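This report concerns a ligand, its surroundings and the pockets of the protein. Please consult the sequence and the structure shown below.

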Amino acid sequence: MLLKDKIVVITGSTRGIGKGIAIQCAKEGAKVVVSGTNPRLVEEIKPEFQKMGYEIESFVCDVTKRQDVEKLMRCSCEAYGGIDALVANAGITDVIQFDNLTEEHWDRMISINLKGVYLADHAVLPYLKENGGGKIINISSDCGVEGWGFHSSYSAAKFGIRGLTQALAKELGKYNINVNAVCPGIIDTDMWKEGDAMSSHITGDPLGSSWQANVDRIPLGRAGKPEDIGKAVAMLLSGYADYITGTTLMVGGGSAVN
Ligand code: NDP
């Protein structure tokens with residue numbers, strides 16, 4: 001097992017990629033902490049994992065709220081006795097013509113997708129220092145290495161995550177803390193369904209067209225699944241990645257290269 005008894009906190013992990021990461025880490029022996037804003041999902045996920053024999057705690061946490069994020073780390077530490085790793089995964093999408101991108105749209109995107117990563121990284125730091133080191137993975141995107149049309153605020157946030165990741169890798173190495181970014185490609189989750197519907201609203205193309213066009217250009221010939229990201233994250237959190245920091249790992253079947 002790659003992550004035997006490691007304590008891994010994952011933001012935005014009640015569904016989609018975050019949940020895939022939580023499952024894969026738990027399969028590798030980690031004690032996971034799942035979180036999200038929807039209290040029903042936070043409650044339902046605990047028995048679901050326990051039925052599979054996985055160790056889990058779950059808490060409500062909105063990554064835009066400092067007090068929520070600090071409480072998440074405090075409760076995780078109280079539950080398990082420490083924290084070994086954070087995966088800052090929570091995020092939203094917005095597919096919109098730039099002319100129509102209001103300040104409210106922009107602020108919401110930056111607040112969840114970029115400030116939320118800062119808040120989580122910042123809140124976990126004392127625990128990782130106390131632990132004598134640890135690992136942080138920030139979830140960026142293909143849009144974090146090449147801006148996409150109609151994704152201006154999303155691309156800006158995802159590029160920002162990679163800048164933050166690189167800076168922290170340099171600053172925190174002396175504490176034995178590795179900081180890396182993972183860029184998922186085209187992954188089959190609720191987010192893509194939402195994004196596809198927003199695209200078809202803009203272009204007038206039928207639902208599913210944007211999804212299919214993007215899947216068709218993936219060199220490995222298929223869309224990604226949350227478990228594909230989970231496997232890459234588990235590897236980066238494991239001892240196999242002890243000498244890897246400040247990097248961006250593209251996990252998209254070749255949908256984008258860096
Ligand atoms: P989903 O929309 O399927 O899931 C998003 C998760 O984030 C949910 O668990 C949701 O939980 C949580 N969330 C949303 N807002 C907040 C918030 N304010 N605070 C805390 N949690 C929140 O998205 P994906 O799984 O597809 O995406 C996960 C990450 O991967 C995102 O950062 C996304 O940008 C990135 N990504 C996804 C790609 C894809 O193809 N799907 C491609 C590239 C990157 P709840 O509803 O309970 O709040």
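## Shell around the ligand

Helix 6 supplies 3 residues to the shell around the ligand, the largest share. In this predicted model, helix 1 (16-27), helix 5 (152-172) and helix 6 (190-203) each contribute at least two residues to that shell. The shell holds 29 residues, of which Ile 17, Thr 37, Asn 89, Tyr 154 and Thr 189 come nearest to the ligand. By class, 12 residues of the shell are nonpolar, 13 are polar and 4 are charged.

## Polar atoms and cover

A polar side-chain atom of Tyr 154 is 2.6 Å from a ligand oxygen, and a backbone N or O atom of Asn 38 is 3.0 Å from a ligand oxygen. For Trp 192, a polar side-chain atom lies 3.3 Å from an oxygen atom of the ligand. On its own the ligand has 890 Å² of accessible area, and the protein covers 94% of this.

## The largest pocket

The ligand takes up the space of the largest pocket, whose volume is about 1,100 Å³. Of the 50 residues lining this pocket, Gly 91, Ile 92, Thr 93, Thr 189 and Met 191 are the closest to its centre.

Helix 6 gives the most to this lining, with 10 residues. The lining comprises 20 nonpolar, 22 polar and 8 charged residues.

## The second largest pocket

The second largest pocket has a volume of about 230 Å³. Its lining consists of 15 residues, and Lys 6, Gly 133, Gly 134, Lys 135 and Asp 242 lie nearest its centre.

Key. Residues are numbered from 1 along each chain as its sequence is written. This is a predicted model: local features need pLDDT of at least 70, side-chain atom pairs count only at pLDDT 80 or more; totals for chains, interfaces and linings use all residues. Side-chain values use heavy atoms; hydrogens and water are left out. A residue is near a molecule or strand if one of its heavy atoms lies within 4 Å of it. A polar contact is a pair of N or O atoms within 3.5 Å; within protein, one must be able to donate a hydrogen and the other to accept it, and residues adjacent in sequence count only if both atoms are side-chain atoms. Accessible areas come from the Shrake-Rupley method with a 1.4 Å probe; for residues, only the protein chains shown count as cover. On a 1 Å grid over the protein atoms alone, a cavity is a set of points where a 1.4 Å probe fits but cannot get out, and a pocket is an open set with protein on both sides within 12 Å along at least five of seven lines; lining residues have an atom within 4 Å of a point. A molecule sits in a cavity or pocket if more than half of its atoms lie within 2 Å of its grid points. Helices (H or I, at least four residues) and strands (E, at least two) are DSSP runs, numbered from the N terminus. Ala, Val, Leu, Ile, Met, Phe, Trp, Tyr, Cys and Pro count as nonpolar, Asp, Glu, Lys and Arg as charged, and the others, Gly among them, as polar. Grid points are joined across faces, edges and corners, and a volume is the space filled by probe spheres set on the points.
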